[in-house]
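Thanks for passing this one along for a look. Please keep the model open beside these notes as you read.

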Amino acid sequence: QIGLRPLQRLAETLFSCESLVSVSLEHSFMDTEALGVLADAMLASSTQSLTELDISDNQLSQSTAIARVLGGSMLQVLRLNHNPLGDAGLSEIAKALDPKVSPDCCLQLLELERCRINSSGAAQL
């Protein structure tokens, strides 16, 4: 597991790289707090070249930070597989994907395999 301070330095470095288009932090033991650090660094960066982010297989149960990233980034692909987001987490993501809320959202592919979402949660998308 990466501590919050090293994660912040890593994220700031990654997101300042103009040629970086894809980051995989799959199975890196991130929790919701760590994702917030990652999102803050991503949104604070003046360079917005990242188009693909894989944060599958972590311990993400809330998606407020994910929703912030969707509304303020150039992400086209977001992989959230195997995170316990549930219907509540999906609701936050669905709101962020609403063109009225995030008119500049570029997301084209959203993966949510095994995220504890039932049919009523999926209907929000």
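Here are my notes, from the overall fold down to single residues.

1. A word on the ground rules. This is a predicted model, in which local features need pLDDT of at least 70 and side-chain atom pairs count only at pLDDT 80 or more, while totals for chains, interfaces and linings use all residues. Residues are numbered from 1 along each chain as its sequence is written, and side-chain values use heavy atoms, with hydrogens and water left out.

2. Fold. The chain holds five helices and four strands, counted as DSSP runs from the N terminus (helices H or I, at least four residues; strands E, at least two). Along the sequence they follow the pattern α-β-α-β-α-β-α-β-α. The radius of gyration of the chain is 14 Å, close to the 14 Å that the globule rule gives for 125 residues, so the chain is as compact as a globular protein of that length. That radius is taken over C-alpha atoms, and the rule is 2.2 Å times the number of residues to the power 0.38.

3. Of the 125 residues, 42% count as buried, meaning under 20% relative accessible area with a 1.4 Å probe, protein chains only. Contact means heavy atoms within 4.5 Å. Among contacts between residues at least 6 apart in sequence, 82% join residues at least 24 apart.

4. The core. The largest nonpolar core has 33 residues, and Ile55, Ile66 and Leu78 touch the most other members. Such a core is a set of buried Ala, Val, Leu, Ile, Met, Phe, Trp, Tyr and Cys residues joined through side-chain atoms within 4.5 Å. Helix 1 (4-15), helix 2, helix 3 and helix 4 each supply at least two residues of this core, and helix 2 gives the largest share, seven residues.

5. Helix 3. In this helix (residues 64-72), Ala65, Ile66, Ala67, Val69 and Leu70 are buried. The buried residues of helix 3 pack against helix 2 (32-44), strand 3 (77-79) and helix 4 (86-97). Leaving aside neighbours within four places in sequence, Ile66 is in contact with Leu35, Ile55, Leu78, Leu80, Leu85 and Ile93.

6. A loop residue to look at. Where is Thr47 found? Thr47 sits in the loop between helix 2 and strand 2 (52-54). With 17% relative accessibility, Thr47 counts as buried. Not counting residues up to four places away in sequence, Thr47 touches Phe15, Ser16, Cys17 and Glu18.

Key:
Buried means under 20% relative accessible area, exposed over 50%, partly exposed in between (1.4 Å probe, protein chains only).
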